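New notebook page today. I'm going through one structure and jotting down what I look up.

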Amino acid sequence: MRGVTADQVFLFVLVLTLFFVQTNGFLKALATLLDRRRFLGFWFVFLLVIGIFCAALRMLFDAASEGPLIEVARIYGFVRPAFIFLLTAVLLQIKSERDGGISLRFLNRVIVSVGFVPVMCGALQGIGYEPVSDFLVANYTRDVDFDDVITYGRAYSFFDGQPNTYGTFCAFYLLLVLGLIRGLLSLILALPLIVVSCFGLLVSGSRGALLSLLIVGAVWIVSRRNWMALWAIGLTLMCSLVAVNFAGEFVPPMILDRLADALGFGGQGSVGLVTSRLPYWGTVISLLSEMPQRMIWGVPGLLMPPADNLQLALIGLFGFVGMAIFMMIVMVMIWKLFRHRDPETQALLVFAVLMLFNGISYPTFFSARISDLYWLFAGIFFFYPQTKLRNANTASYPQSI
């Protein structure tokens, strides 16, 4: 909604630079992406073909005069993960030739270190700290209905006026921090990060992210099957209670009411998560039903409302077949990650489940920065057979799937 942004330009320039500077590594990485044994790259290319085909049909049979320009913008949107894949594969190819690979646990630590900045800035924005809040309002607004976001007092940090995206990031950040805990000392050191991420999720007012976090937390306990996970979850619950009590001094009552409503504690007259989404879902379904061919090529961009649902948004972009392929890609990834079961892949497993469940109320994979982070993890895990997956208790794991 903000047009061309600096991170988009940087991503494109970086990929072009690597092509000219590391041509051999670039071509090897491209071959890795297109290798059918890697699964993700092959099927994603197939999905891109379907997306371009659907866009062409919309422009020919179901678009207004502004349609072509809008469809070009949408094409860039679903091609963007391909740039992430390519960048990831090239950098891993270069790193492997130098020192033999990368540890996913190292990447987790980098994300925890760097990710604290947007989490903390959102928390400060949530309590109304003016220097941070003014900077974010001046530089990370969105063009549509931004006044409503400020009125509600929902924090969005560096996510372009999108509090639901910030809430999703806080939920993933919290799970990532918990996944790095290995003992009592690390648990104590992680306490400030846990508190800040819980408070960030609270001030985002994202009901879908909160419910998804509870579901994914249960999956995380089952998959890890150790006492430290239970201690970490218990600590998170206590920190959440502290955050709620602390929030009463700073957070608008509307935010607390939203989250209480998501947990089923709302009072009379409260609008539930599903109820508030029904008008948006109904509009998209009406667009599909009035012209059944749109199940094949999707909904014109000029008519596309905020679907607030991942599956409906995917149908609007790729049609039913493309939506099915996209969901198949995510579900197969979850299954492969669950079978792997080592701690180094836990972050991507919980991230995938979080994005999927939160997609019921918010089109998660359509938020550029949070989806970029997801595809970065996925690219490291699926594209590069020399990537080293280390475990504290086991010498090594298979280097490819």
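Among contacts between residues at least 6 apart in sequence, 73% join residues at least 24 apart. Before I go on, this is a predicted model: local features need pLDDT of at least 70, side-chain atom pairs count only at pLDDT 80 or more, and totals for chains, interfaces and linings use all residues. Residues are numbered from 1 along each chain as its sequence is written, and side-chain values use heavy atoms, with hydrogens and water left out.

**Overview.** I looked up the secondary structure and found 17 helices and zero strands. These are DSSP runs numbered from the N terminus (helices: H or I, at least four residues; strands: E, at least two). Of the chain's 401 residues, 52% count as buried. Buried is under 20% relative accessible area, exposed is over 50%, and partly exposed is in between (1.4 Å probe, protein chains only).

**Arginine 74.** I found arginine 74 in helix H4, residues 67-99. Is arginine 74 buried or exposed? Its relative accessibility is 16%, so arginine 74 counts as buried. Leaving aside neighbours within four places in sequence, arginine 74 is in contact with residues including Arg58, Val299 and Gly316. Its side chain reaches the backbone oxygen of glycine 316 at 3.0 Å.

**Aromatic pairs.** How many aromatic pairs does a search of the whole structure find? I get 21. Rings of Phe, Tyr and Trp (its six-membered ring) pair if their centres lie within 6.5 Å; planes under 30 degrees apart count as stacked, over 60 as edge-to-face and the rest as tilted.

I looked at phenylalanine 172 and phenylalanine 351 as one case: their ring centres are 3.8 Å apart and the planes sit at 15°, so the pair is stacked. Phenylalanine 172 is in helix H8 (residues 163-179) and phenylalanine 351 in helix H16 (residues 346-358), so this pair ties together parts that are 179 residues apart in sequence. Both phenylalanine 172 and phenylalanine 351 are buried.

My other case is phenylalanine 365 with tryptophan 375: the centres are 5.7 Å apart and the planes at 40°, so I call the pair tilted. Phenylalanine 365 is in the loop between H16 and helix H17 (368-383), while tryptophan 375 is in helix H17. Phenylalanine 365 counts as buried because its relative accessibility is 9%; for tryptophan 375, also buried, the value is 2%.

Notes
Polar contact = N/O pair within 3.5 Å; in protein donor to acceptor, adjacent residues only side chain to side chain. Contact = heavy atoms within 4.5 Å.
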